[in-house]
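Please have the sequence and the 3D view ready.

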Amino acid sequence: MYNWIDALADLQSQGEPCVLVTIIEGLGSTPRNAGSKMVISATQTFDTIGGGHLEYKAMQIGRDMLASGKQDTHLERFSLGASLGQCCGGATVLLFEPMGQVQAQIAVFGAGHVGRALVPLLASLPCRVRWIDSREDEFPEQIPHGVRKIVAEEPVDEIDDLPAGSYCIVMTHNHQLDLELTAAILKRNDFAYFGLIGSKTKRVKFEHRLRDRGFDSAALQRMRCPMGLGEVKGKLPVEIAISITGEIIATYNANFGQQTASAGSSIAKLLPASRRSQASN
């Protein structure tokens with residue numbers, strides 16, 4: 001069994017959110033002393049604050065915090081009596097501290113020129129990035145920290161494994177693959193953001209083909225194409241990458257804690273009020 005400090009270090013190095021639980025006060029008879037800690041991730045626990053129903057309740061609270069994306073610390077007092085199925089008779093105060101919470105789970109499909117410029121920028125944000133392509137040779141030798149490289153013969157199959165509320169960016173080397181990825185992402189319809197690289201002409205062509213597959217206007221409005229901030233001009237890969245990154249930041253700042261973005265929301269609505277008023281001038 002990992003102790004809490006080793007588990008916390010490993011989870012943070014992997015970019016996996018967790019909750020650190022600490023006994024900050026023990027009154028009367030308690031199973032563990034003040035200062036005892038445990039770490040709770042979405043699927044595992046490490047170390048112990050004494051076991052029993054108290055620890056079970058702590059696990060429930062910690063995982064609720066992870067599921068909701070809550071980042072505030074939380075204090076809770078427990079009486080160790082019949083209601084918790086424990087006979088110590090004392091009381092314990094627990095501190096719950098979210099650690100390593102990420103603001104976005106991002107999937108980038110495509111390791112071409114723009115993808116290679118974009119992924120290092122995304123990796124510098126508080127997020128986890130899946131970088132997916134069928135061509136292993138297209139990936140650089142050094143993959144940024146916090147980025148998981150996925151070489152997939154069928155990139156479309158990776159969409160099933162994305163967490164709900166993911167940010168999906170499609171920029172592959174093949175228009176047909178872009179179309180299949182788009183259809184699969186829109187079919188799931190639980191993303192926070194979906195951007196497709198391309199021009200207005202590409203969007204029109206894709207909309208026509210997607211309507212033939214049964215997608216309605218509401219679904220198509222959730223697709224950002226062209227994607228990126230219109231105020232950031234330029235055709236160089238790094239310029240396009242900066243534009244897309246800016247849009248991602250605006251989106252997660254507005255929608256953090258929500259599973260899906262509002263259908264058809266415009267980038268103007270995602271800007272803070274001060275910047276929104278400037279943009280409208």
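This report covers the model's basis, its backbone and its cavities.

## About the model

The model is predicted: local features need pLDDT of at least 70, side-chain atom pairs count only at pLDDT 80 or more, and totals for chains, interfaces and linings use all residues. Residues are numbered from 1 along each chain as its sequence is written, and side-chain values use heavy atoms, leaving out hydrogens and water.

## Backbone geometry

Most residues other than glycine have a negative phi, and most peptide bonds are trans. The bond from Cys 225 to Pro 226 is cis, with omega near 0°. Pro 226 sits in the loop between β11 (223-224) and α7 (237-255); helices (H or I, at least four residues) and strands (E, at least two) are DSSP runs, numbered from the N terminus.

Asp 47 has a positive phi of about 70° and belongs to strand β3 (residues 45-47). Asn 189 also has a positive phi, about 60°, and is found in the loop between α4 (175-188) and β10 (193-196). Asp 47 is buried at 19% relative accessible area, while Asn 189 is partly exposed at 40% (buried is under 20%, exposed over 50%, partly exposed in between, with a 1.4 Å probe and protein chains only).

## Cavities

On a 1 Å grid over the protein atoms alone, a cavity is a set of points where a 1.4 Å probe fits but cannot get out, and lining residues have an atom within 4 Å of a point. Grid points are joined across faces, edges and corners, and a volume is the space filled by probe spheres set on the points. There are 2 cavities of 30 Å³ or more.

The largest holds about 50 Å³, and its lining includes Ile 159, Arg 188 and Phe 191.

Methods
1 Å grid on protein atoms, 1.4 Å probe; cavity = no way out; pocket = protein on both sides within 12 Å on 5 of 7 lines; lining within 4 Å.
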